Each structure stands twice: as structure tokens, then as C-alpha cells.
Amino acid sequence: MNLENITHGIKINSITVDGRGNLWMGTDGAGLIKLENGRFEQITNGLPSLKISQILVDIHDKLWYLTTSGQLGWAKNTFCHTIQMDFPSTVVICAIALARDGDLWIATSHDENLGSRIFELHGIAAREPTRTYPWPQDLSRSRIGALLEDSSGSLWCGTLGAGVFLLRP
């Protein structure tokens, strides 16, 4: 199957490459697509949703995914594992990024009790964040759409409509 046949009509939300040179795509309705040794494979087994908003590969070559409904998980081979976070049901994960030390940054949506927050998650077994950072009050209702940790350890937080904020943990 060629690239045009497998992706025709599919919205691709995120693309990354793992340590073995495999290309991964997170789609809006077709789950994960992996290109390995010239062959495409659609991966849906274990996914809580076929709508993937973000994917990234960590320092251990593990593929992490975030669904459009805010469910976080990781894929190994052809099976996906969803992590049940200990967040209130009103909190939705809206962005993820890789930290320099291998941890995972998580940004959550606004919750009346918690506000918007940024969490650092250590390892795939973690269900509770290791560190928590509140979102600035003047931006507390702004949804975070993108995260990036730079080489100095500062976290760039892109919002959906309120610009960029720099967090220096």
C-alpha cells in the first residue's frame, strides 16, 4: 500500500520518527499509522479513540500519544496502553511535550477548582504528576495548545488565542 492510498482523506495531526527510523503519524479518525521498512500499518488496538492530536517519542524510544479528548497513553509494537490519570473528570490533558530529563510535560485545561495547570510526569507507571505548576492567573482560562522545553530547561507554552508564555521551572 502506498502513502497516497493509506492517507487519502485522512487528517494527519502529528508526525514523528522513532529511534529505529520508523515514521509515525497521529490521525484524526484512523488512529496511529506506522511506516516501517516501506510498509504502512494502521494501529488501533487498545486506543481509547481513533482521534490522535499529538505524538512524540521519548528518550527510551517509547511512542506517546494524546487523543483529541485528552486521553494520554503510549504504544508498544502494535498495542496501545492508556494511562488513567488521577485528575478530576473535568480536567482534560490538552498538550504534551518531552522534558530534557526524559519526563513528560502535560498541560491541562481549565477546571473551576484547579484552574489550568502544567504537570511534569515521571515515567509510564506514574498516575500522579511529580511536579505541578499553576498557569498564570491572567491566562488561567486560556487553553494551552502546544508545549516545548528548550535547551535551558524553560518551557514554552503556546495558547489558543492568548499568545505564548514562558515558564522557568
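## Exercises on salt bridges, a sheet and a surface patch

The side chains of Lys 34 and Glu 36 are joined by a salt bridge, with 3.2 Å from N to O. The structure is a predicted model, and the exercises below concern this model.

**Exercise 1.** Determine whether Lys 34 and Glu 36 count as buried, partly exposed or exposed.

*Solution.* 
- Step 1. The cut-offs are under 20% relative accessible area for buried and over 50% for exposed, with partly exposed in between.
- Step 2. Lys 34 has 7% relative accessibility and therefore counts as buried.
- Step 3. Glu 36 has a relative accessible area of 30%, so this residue is partly exposed.

**Exercise 2.** Identify the network formed by salt bridges that share partners, and describe its members.

*Solution.* 
- Step 1. The structure contains 4 salt bridges.
- Step 2. In one of them, Asp 18 is paired with Arg 20, and their closest N and O atoms are 3.5 Å apart.
- Step 3. Arg 20 also meets Asp 61 in a salt bridge, at 2.6 Å from N to O.
- Step 4. Asp 61 lies in the loop between strand 5 (52-57) and strand 6 (63-67), whereas Arg 20 lies in the loop between strand 1 and strand 2; the pair therefore ties together parts that are 41 residues apart in sequence.
- Step 5. Through shared partners, Asp 18, Arg 20 and Asp 61 belong to one network.
- Step 6. Asp 18 counts as buried at 7% relative accessibility, Asp 61 is partly exposed at 24%, and Arg 20 counts as exposed at 57%.

**Exercise 3.** State which strands stand at the edges of the open sheet of 4 strands, and explain why one side of each is left without a neighbour.

*Solution.* 
- Step 1. The strand order is 1-2-3-4, with antiparallel pairing.
- Step 2. Strand 1 (12-17) and strand 4 (39-43) each have a single partner strand; they therefore stand at the edges, and one side of each has no neighbour in the sheet.
- Step 3. On average, neighbouring strands of this sheet are turned by 20° against each other, direction ignored.
- Step 4. Within the sheet, strand 2 (residues 23-27) pairs with strand 3 (residues 32-36) in the antiparallel sense over 4 bridges.
- Step 5. Opposite Gly 26 stands Leu 32 in strand 3.

Methods. Residues are numbered from 1 along each chain as its sequence is written. This is a predicted model: local features need pLDDT of at least 70, side-chain atom pairs count only at pLDDT 80 or more; totals for chains, interfaces and linings use all residues. Side-chain values use heavy atoms; hydrogens and water are left out. Two strands pair if DSSP finds at least two bridges between them. Helices (H or I, at least four residues) and strands (E, at least two) are DSSP runs, numbered from the N terminus. Axes are lines fitted to C-alpha atoms, for helices over the stretch in contact, and angles run from 0 to 180 degrees between N-to-C directions. Buried means under 20% relative accessible area, exposed over 50%, partly exposed in between (1.4 Å probe, protein chains only).
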